[in-house]
Amino acid sequence: MTETQFTPRVFSGIQPSGNLHLGNYLGALKRFVDMQGPDMETVYCMVDLHAITVWQDPKELAHSTRELCAGFIAAGIDPERSILFNQSQVPEHAQLAWVFNCVARMGWMQRMTQWKDKAGKNQQNASLGLFAYPSLMAADILTYHATHVPVGDDQKQHLELTRDIAIKFNKDFGVDFFPITEPVIEGAATRVMSLRDGSKKMSKSDPSDMSRINMTDDADTIARKIRKAKTDPDALPSETGGLEDRPEARNLVNIYAALNDQTVEQVLADVGGKQFGEFKPMLAELAVAKLSPISSEMARLMGEEAEIDRILARGAEKARAIAAPILQQTYEIVGMVGAGKA
Ligand code: AMP
Ligand code: TRP
């Protein structure tokens, strides 16, 4: 097999399941924005087919999809420079996922920690879609031959599975067709933790709203949540080693660093020795300064539903122009009669 050179292309997705939060922003969205540029094509997707692996109220799903699109744009994604669309409108994702369902093995899926966490003790009653979720995610990525996938730390295992699927497909069919994707899990905030419990990840499903900062929170709410965030009684250290075994302190410092485009070392050089009574107001001020322009722009865009729908439709067209030929070639490789004639 010869090594094929794949054109560098970025793909990532976020589920439109409500409550876009600071973890999504720092772990994903902000980094999506940073990757926009002349060097690489960037493709960003609202993964509505993934969202319905657990029950979604149809009206809320539509609202969350538009709100997420507004969030992407407000955070700095330019629909002229990036392809921005919702997954269900590009049928190639679901079509390629079926092929991958026949490549991936049950055992691979059963090992996924997200499956185990989400299905819990009640696996028999979880949807088949929730189990097959990572295979659709592999299809999202590989139907664009994407080479780089920026995500938060919690998606690492799914990206390893994507690589396994690409490797097995290439080997089974004796081709070098799908790229072996690079996960891009970088920066100070690849795992933002709950503001109430430094051992739990910040999540849209946490019952306590105080545990997270939502991208729709106003300035007062953001400041109050930071003021009330759990901490310990010690002053901040001047070096990173001093954050060990202090998950809440580390989380707040990581958030500060990521919001301010600094390293943790740089932040600690400035704030080492300060008490939380002094650091929290600094963090609140920074968070409000960075997040409130995004939330007010989101609110403004949400008043322009027709414009959002137009952007998504245009994005889907552009996405499809890349995805359709790759699906056709896949079908041809697999031996589907009629494929590749389009
Ligand atoms: P989701 O909302 O589960 O679709 O996640 C969308 C993106 O946000 C993925 O890249 C996740 O890895 C990332 N993400 C979600 N929660 C966090 C968190 N607490 N910290 C950092 N990244 C996160
Ligand atoms: N599973 C991801 C999450 O929950 C969302 C996602 C779906 C995704 N398809 C993707 C992320 C493709 C990156 C690439 O966060």
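Modeller: Before we dig in, a polar contact is a pair of N or O atoms within 3.5 Å; within protein, one must be able to donate a hydrogen and the other to accept it, and residues adjacent in sequence count only if both atoms are side-chain atoms. This is a predicted model, in which local features need pLDDT of at least 70, side-chain atom pairs count only at pLDDT 80 or more, and totals for chains, interfaces and linings use all residues. Residues are numbered from 1 along each chain as its sequence is written, chains are lettered from A and ligands numbered from 1 in the order in which they are written, and side-chain values use heavy atoms, with hydrogens and water left out.

Biologist: OK, ligand 2 then. What does Asp-140 touch there?

Modeller: A polar atom in the Asp-140 side chain is 2.6 Å from a nitrogen of ligand 2. Another nitrogen contact involves the side chain of Gln-155, at 3.0 Å. The side chain of Gln-15 reaches an oxygen of ligand 2 at 3.1 Å.

Biologist: And how much of ligand 2 does the protein bury?

Modeller: On its own ligand 2 exposes 370 Å², and the protein buries 91% of that. Those areas come from the Shrake-Rupley method with a 1.4 Å probe; for residues, only the protein chains shown count as cover.

Biologist: Which helix gives the largest share of its shell?

Modeller: Helix 7, with four residues. Helices (H or I, at least four residues) and strands (E, at least two) are DSSP runs, numbered from the N terminus.

Biologist: What kinds of residues make up that shell?

Modeller: Seven nonpolar, five polar and one charged. Here Ala, Val, Leu, Ile, Met, Phe, Trp, Tyr, Cys and Pro count as nonpolar, Asp, Glu, Lys and Arg as charged, and the others, Gly among them, as polar.

Biologist: Switching over: how many residues surround ligand 1?

Modeller: There are 18, and Gly-152, Asp-154, Val-192, Met-202 and Lys-204 are the closest. To be near, a residue needs a heavy atom within 4 Å of the molecule or strand. By type, the shell has six nonpolar, eight polar and four charged residues.

Biologist: Which element gives the most to it?

Modeller: Helix 1, residues 22-35, with four residues.

Biologist: What does the backbone of Gly-152 do?

Modeller: One of its backbone N or O atoms is 2.8 Å from an oxygen of ligand 1. Gln-15 also uses a backbone N or O atom, 2.9 Å from a ligand 1 oxygen. For Asn-24, a side-chain N or O atom is 3.1 Å from an oxygen of ligand 1. Taken alone, ligand 1 exposes 480 Å², of which the protein buries 92%.
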